[in-house]
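I opened the notebook today to look up rings, charges and strands. Here is the entry I started from.

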Amino acid sequence: MSNTPMAASPLTRAVLEIDEYASGLGWDQPARLFALVDTARLRTQEPGLATQLGLDNSPEEPGLTPIEQEEIPAGKPLDEFLGTIAWPDAVAGCALTVERLMLPPSAETSVPEGLGEAQLAKWVAEHPDRQEVRMTVAVLRDGARESALRLREKDSPTEVLTGADLVPGLAEALSATFAD
């Protein structure tokens, strides 16, 4: 089903699985939020849901199952929305996939000073070197984090960058959803 390396950690596998799922939906998608649950625990405690998700036949390896949550309300800033989330104990972690425009570091020196957020967004959107990127960031309750970045112009599973600290701000915001 996936191109995910088996040697990768369960968190890395979950991030790549979500990236692959988002890739199948195409670009220009809204942000999507996922709960990450322990697959073995899900099989034991929610066998009906495990069957529905196709997990009853999968091998007994440790893993995390992403479960997509309800749509993120349009028009509400992402950080505000994330501030309203409280996860039940059964949720081991969460992940978010979101599309953004990015500029290469070489373009950062030419950003006009004193722009408001809306003006800056417009300036980036019109910049000739802008790149569309899909970011998938996941965090666990224990603080582990992983992310995957996929550029629209290099939209292939072999061109996905992964790393724990690629999107630190978003990882922090997701981690805060587990704070007491």
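A charge sits over a ring, in my bookkeeping, if NZ of Lys or CZ of Arg is within 6 Å of the ring centre and within 35 degrees of the ring normal. A reminder to myself before going on: this is a predicted model.

**Entry 1, charge and ring.** Which ring does the charged end of R134 sit over? I found the ring of W27 there, with its centre 4.1 Å from the charged end of R134.

**Entry 2, aromatic pairs.** How many aromatic pairs does the structure hold? I noted 2 of them.

I began with Y21 and F34. Then I checked accessibility. Y21 is partly exposed at a relative accessible area of 37%, whereas F34, at 4%, counts as buried.

I went on to W87 and F178. Here the ring centres are 6.1 Å apart with the planes at 20°, so the pair is stacked; the cut-off for that is under 30 degrees. Where do these two residues lie? W87 is in the loop between α4 (78–82) and β3 (91–102), and F178 is in the segment after α6 (168–176), so the pair ties together parts 91 residues apart in sequence. Buried or exposed, I asked of W87? W87 has 12% relative accessibility and counts as buried. F178 is buried too, with 13%, the limit being under 20%.

I traced an open sheet of 6 strands in the order β2-β1-β3-β4-β5-β6, paired in the antiparallel sense.

Next I zoomed in on one pairing. Strand β4 (residues 131–140) joins strand β5 (residues 145–151) in antiparallel fashion over 7 bridges. Looking across to β5, I saw that T136 stands opposite A148.

Which strands does α6 lie across? I listed β1, β3, β4 and β5, and α6 runs at about 35° to β4.

Definitions and conventions
Residues numbered from 1 in each chain as written. Predicted model: local features only at pLDDT ≥ 70, side-chain atom pairs only at ≥ 80, totals over all residues. Heavy atoms only, no water. Phe/Tyr/Trp six-rings, centres within 6.5 Å; stacked < 30°, edge-to-face > 60°. Buried < 20%, exposed > 50% of the residue type's maximum accessible area, 1.4 Å probe, protein only. Helix = DSSP H or I, 4+ residues; strand = E, 2+ residues; numbered from the N terminus. Pairing = 2+ DSSP bridges. Contact = heavy atoms within 4.5 Å. Axes fitted to C-alpha atoms, helices over the stretch in contact; angles between N-to-C directions.
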